[in-house]
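Please look over the model shown here alongside the points that follow.

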Amino acid sequence: MDVTLTPLFTSRIPDIDITDQTRRAGLYERSAYVVSLPITIMGKLSDNVMFSSMSAMQDETARLKRAVSIALRFLSIVSAPAVVFAICFAPELVHLYLGSQYHEAAPILQWLLPAVVFRTQSRIADSLLRARDATFSGSAVKAVYLALMVIGVVMSAPFGMIWIATAISATTAIHFIMSMLLTRSLVGSSLRAQIRATLSGWVVAATVAVTCVPLAWILRKLEWSTLAILVAGMACAAITMGALLLKAPFLLGKGDMNLVRFLPARIRALPVIRHLDL
């Protein structure tokens with residue numbers, strides 16, 4: 001990252017010296033590394049669970065359509081509140097994971113984190129494309145995504161690393177919409193239905209923000225330790241999510257598409273569980 005960004009952008013910003021530009025690039029690289037971790041984990045989940053499940057029903061469009069809706073709802077409920085928590089407590093996460101010398105990376109991380117939600121949910125379309133043997137169609141979307149990202153980075157570079165992070169999150173959101181359009185062409189799931197499936201996660205995330213934002217502010221004013229703030233924040237987010245989902249179970253889906261009904265059956269159907277004779 002240092003090698004590519006420094007010569008490209010220093011000519012555009014003559015009032016910022018090379019050392020400062022390299023330092024900023026290093027901050028971005030560290031922030032991007034932190035963001036890449038959950039995306040990588042969800043990618044493994046996609047390969048191990050979603051792709052194998054979709055491959056087993058690749059010729060059954062109705063079942064695939066249902067699976068896409070359930071997967072979108074599940075990943076949204078998992079990823080969106082987690083990202084909101086990470087945004088609220090980004091300074092503490094950076095301090096704990098990267099060290100205090102990278103404290104300036106926290107704002108960059110906050111603007112990069114929304115990309116985690118959109119990239120995670122785009123993995124569903126990736127699995128569907130592979131299951132339907134339609135990866136060539138997806139390559140065009142990837143090319144457009146890459147082009148948009150390059151344009152966004154180049155245009156935002158003169159304004160600083162936060163703007164670059166924002167551009168990347170925005171292009172990732174656009175890629176998610178393009179992925180949903182691909183999904184519609186493959187299984188007939190409308191764009192509206194797919195967006196509706198993700199709304200539950202955003203409702204939970206907004207509720208988590210309402211409780212975690214003031215908590216983070218109060219605990220920092222009280223000068224709690226980094227670890228104590230994170231533990232309190234995780235407890236707050238977990239209690240908020242649990243209380244909301246108990247109060248409004250419809251957020252988990254309706255009928256046989258409710259995650260409470262669907263997931264236990266899927267877990268019991270896993271070969272490892274079946275062999276345990278549980």
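1. The largest cavity in this predicted model is lined by Leu72, Gln121, Ser122, Ile124, Ala125, Phe176, Ser179, Met180, Thr183 and Gln194. A cavity here is a set of points, on a 1 Å grid over the protein atoms alone, where a 1.4 Å probe fits but cannot get out, and lining residues have an atom within 4 Å of a point. About 50 Å³ of space lies in it, a volume being the space filled by probe spheres set on the points, with grid points joined across faces, edges and corners. The structure holds one cavity of 30 Å³ or more.

2. By class, that lining divides into five nonpolar and five polar residues, with no charged ones; Ala, Val, Leu, Ile, Met, Phe, Trp, Tyr, Cys and Pro count as nonpolar, Asp, Glu, Lys and Arg as charged, and the others, Gly among them, as polar. Helices α6 and α8 (161-187) each supply at least two residues of the lining of the largest cavity, where helices are DSSP runs of H or I with at least four residues, strands are runs of E with at least two, and both are numbered from the N terminus.

3. On conventions, residues are numbered from 1 along each chain as its sequence is written, and side-chain values use heavy atoms, with hydrogens and water left out. Because the model is predicted, local features need pLDDT of at least 70 and side-chain atom pairs count only at pLDDT 80 or more, whereas totals for chains, interfaces and linings use all residues.

4. The confidence figures deserve attention before any detailed reading. The mean pLDDT of the chain is 80, with 77% of its residues at 70 or more; pLDDT is the predictor's confidence in each residue, from 0 to 100. Among the elements of the chain, α10 has the highest mean pLDDT (94) and helix α1 (residues 2-9) the lowest (39). Over residues 1-18 pLDDT stays under 50, and for this stretch the model has 22 contacts beyond four places in sequence, contact meaning heavy atoms within 4.5 Å. Where pLDDT is low, the predicted coordinates should not be read in detail.

5. As to overall architecture, the chain comes to twelve helices and zero strands. Buried residues (under 20% relative accessible area, with exposed over 50% and partly exposed in between, for a 1.4 Å probe and protein chains only) make up 44% of the 278 residues. Of the contacts in the chain with a separation of 6 or more, 75% are between residues 24 or more positions apart.

6. Which residues of helix α4 (residues 90-97) are buried? They are Ala90, Glu92 and Val94, and what covers them includes α3 (61-88), α5 (105-112), α9 (191-221) and α10 (226-247). Just after α4, Gly99 takes a positive phi of about 110 degrees.

7. Helices α5 and α6 (residues 114-131) pack at an angle of about 35 degrees with their axes 4 Å apart, the axes being lines fitted to C-alpha atoms over the stretch in contact and the angles running from 0 to 180 degrees between N-to-C directions. Gln110, Trp111 and Leu112 of α5 meet Pro114, Ala115 and Val116 of α6 in this contact, whose residues divide into five nonpolar, one polar and no charged.

8. Leu129 and Leu182 can be read together. Leu129 is found in helix α6 and is buried, with a relative accessible area of 7%; leaving aside neighbours within four places in sequence, it is in contact with Ala134, Thr135, Gly138, Leu182 and Leu186. Leu129 and Phe51 are 78 residues apart in sequence and 9.1 Å apart in space, C-alpha to C-alpha.

9. Glu223 lies in the loop between α9 and α10, is exposed with a relative accessible area of 70%, and has a positive phi of about 60 degrees although it is not a glycine. Most residues other than glycine have a negative phi.

Definitions and conventions:
1 Å grid on protein atoms, 1.4 Å probe; cavity = no way out; pocket = protein on both sides within 12 Å on 5 of 7 lines; lining within 4 Å.
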